[in-house]
Amino acid sequence: TIHTAQMRINDPDAIDITVKSANTPEGRVLAPTWKMVMKHKDGKLTDGEYTEQYLDLLRHRYRTDPQTFFDLLTRESVVLKCYCAAGTSCHRYLAVDVLVKIAEHKGIEVALGGEITQKDHSR
């Protein structure tokens with residue numbers, strides 16, 4: 001099951017996918033680049049351009065390191081976390097879409113768990 005959440009959510013299955021603080025191979029492979037983030041924050045990259053660049057980045061990373069993506073897809077549960085507010089244009093939702101497409105292509109069954117919004121939640 002793939003969930004998404006803001007960084008404030010505590011979950012044992014959480015993976016930080018931010019360029020700022022990702023500290024696992026899985027988190028780093030899904031993190032955008034500093035250049036992308038700063039250009040987007042400065043208004044020099046539209047949501048559409050950011051999406052296109054992020055998807056291109058993940059395609060490249062998948063071609064060079066598919067195992068890390070498979071490692072994520074074979075976990076029982078994963079929560080992709082970043083700093084963006086829930087429901088905004090955010091790379092964590094794009095990452096979920098990419099993981100689902102890879103899973104479908106490889107015949108891996110995944111479920112979507114949605115956004116976790118409560119700081120102290122129970123699943």
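This briefing covers the sheet, the strands and the aromatic side chains of the structure above.

The model is predicted: local features need pLDDT of at least 70, side-chain atom pairs count only at pLDDT 80 or more, and totals for chains, interfaces and linings use all residues. Residues are numbered from 1 along each chain as its sequence is written, and side-chain values use heavy atoms, with hydrogens and water left out. The model has an open sheet of four strands in the order β2-β3-β1-β4, with parallel pairing. It also holds three aromatic pairs.

**The sheet**

- Helices (H or I, at least four residues) and strands (E, at least two) are DSSP runs, numbered from the N terminus.
- Two strands count as paired if DSSP finds at least two bridges between them.
- Strands of a sheet pair through backbone hydrogen bonds, either parallel or antiparallel.
- In the order β2-β3-β1-β4, the pairing is parallel; β2 and β4 are the edge strands, each pairing on one side only.
- From one strand to the next, the twist averages 25 degrees. For such angles, axes are lines fitted to C-alpha atoms (for helices over the stretch in contact), and values run from 0 to 180 degrees between N-to-C directions.

**Strand pairings**

- β1 (residues 2–6) is joined to β3 (residues 78–82) by five bridges, and the two run parallel.
- Along this pairing, His3 has Val79 as its bridge partner in β3, Thr4 has Leu80, and Gln6 stands opposite Cys82.
- Four bridges link β1 to β4 (residues 112–116), also in the parallel sense; the partner of His3 in β4 is Gly114.
- β2 (residues 14–16) pairs with β3 in the parallel sense over three bridges, and Asp16 stands opposite Lys81 in β3.

- Buried means under 20% relative accessible area, exposed means over 50%, and partly exposed lies in between (1.4 Å probe, protein chains only).
- In a regular strand the side chains alternate between the two faces of the sheet.
- β1 is mostly covered, with five of its five residues buried. Ile2, Thr4 and Gln6 point one way from β1, and His3 and Ala5 the other way.
- β3 is likewise mostly covered, as five of its five residues are buried. Val78, Leu80 and Cys82 point one way from β3, while Val79 and Lys81 point the other way.
- Helix α5 (residues 91–106) lies across β1, β3 and β4, and runs at about 170 degrees to β1. Contact here means heavy atoms within 4.5 Å.

**Aromatic side chains**

- Rings of Phe, Tyr and Trp (its six-membered ring) pair if their centres lie within 6.5 Å; planes under 30 degrees apart count as stacked, over 60 as edge-to-face and the rest as tilted.
- Tyr50 and Tyr54 form a stacked pair, 6.4 Å centre to centre and with 5 degrees between the planes.
- Tyr50 and Tyr54 are separated by about one helical turn because they are four residues apart in helix α3 (residues 47–64).
- Tyr50 counts as buried at 9% relative accessibility, and Tyr54 is buried at 0%.
- Tyr62 and Phe70 form an edge-to-face pair, with 6.0 Å centre to centre and 85 degrees between the planes. Tyr62 is partly exposed, at 21% relative accessible area.
- Tyr62, Phe69 and Phe70 make up one aromatic cluster.

**A charge over a ring**

- Lys20 lies over the face of Tyr83, at 5.5 Å from the ring centre.
- A charge sits over a ring if NZ of Lys or CZ of Arg is within 6 Å of the ring centre and within 35 degrees of the ring normal.
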